Amino acid sequence: MRCETAFRLILSDCLEEVATNHPGVQAGDPTALHHTRIALTRLKATIAFYGPMVADTEWTRLRTELKWLSAHLGATRDLDVAIDNSKGSPEEPMFRTARADAFEALKEALQSERYRQWFEGMWDWVGSGPWTARQDRHAAQRRAVPVAAFHAQRLARWHEKLRRKSRGLQGMGKTKRHRVRLASKRLRYAIEFSEGGLPEDVYASWRTVLKHLRKGQQLLGELNDDEVRRELVENADERELQKRRRKAKRRKEHERKRKSQLLRQAAAVYRKIAG
């Protein structure tokens, strides 16, 4: 199979997954939302994997719109996870209220013309985007490279990058650890969609890596969920503090005006007393 064909098949599968889960996401189903996020993460990983073959100005535009959509999905999904991890806690009602607000914003985005144009634009780009019409020799060669050769080389490169990034993981800060998590996701999905494109004896060597990646992703995901939950609580506490400050400021202003009014009335009375 040519890389061009494989790319179209993988992207089409991701977009079909998004379409399948669209009604569930609009209905507020957390599972459908989660599957949609996975599909979009696989989509981004696939485009990054095929890199130079598909990069063009249209993808740059579509990627900007995808960031907008992902922000809405991510905000709601983070709260779903926080709710699951806070059953019976004092924070649960707060998370549920915030989730309702985030979901309303997400629902509005999914029903917008902006979303419709992005989704249709993605299908058009996969089938007939600028990347498909490049006539220079290198572009044509990249599209025609057999999947087995390209995937074997690309997986090795991504594996090496992850190996370097994950050194000293235990002492890493939040930002670097997040980069390791993203690189792990990308490599995991790349290995998964390489099955069938690589000879079985070659793919067998990636199965062990895939097993470890799934475990590592789970652990880093739990760390991330804990951090997100903590940030949500801190942000809520900060909003509550600001709310109390605004309330105190309004009360102080009210008391100042009342004091001034009472003093004016009292002064008028005593002027009358003084004759």
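The model is predicted, so local features need pLDDT of at least 70 and side-chain atom pairs count only at pLDDT 80 or more, whereas totals for chains, interfaces and linings use all residues. Residues are numbered from 1 along each chain as its sequence is written, and side-chain values use heavy atoms, with hydrogens and water left out. Ser-89 is buried, with a relative accessible area of 18% (buried means under 20%, exposed over 50% and partly exposed in between, with a 1.4 Å probe and protein chains only).

Side chains of opposite charge can pair when their charged atoms come close. In the whole structure, 20 salt bridges are found, each defined as a side-chain nitrogen of Lys or Arg within 4 Å of a carboxyl oxygen of Asp or Glu. One of them joins Asp-13 and Arg-42, whose closest N and O atoms are 3.3 Å apart; because Asp-13 lies in helix 1 and Arg-42 in helix 2, this pair ties together parts that are 29 residues apart in sequence (helices are DSSP runs of H or I with at least four residues, strands are runs of E with at least two, and both are numbered from the N terminus). Asp-13 is partly exposed at 41% relative accessible area, whereas Arg-42 is buried at 18%.
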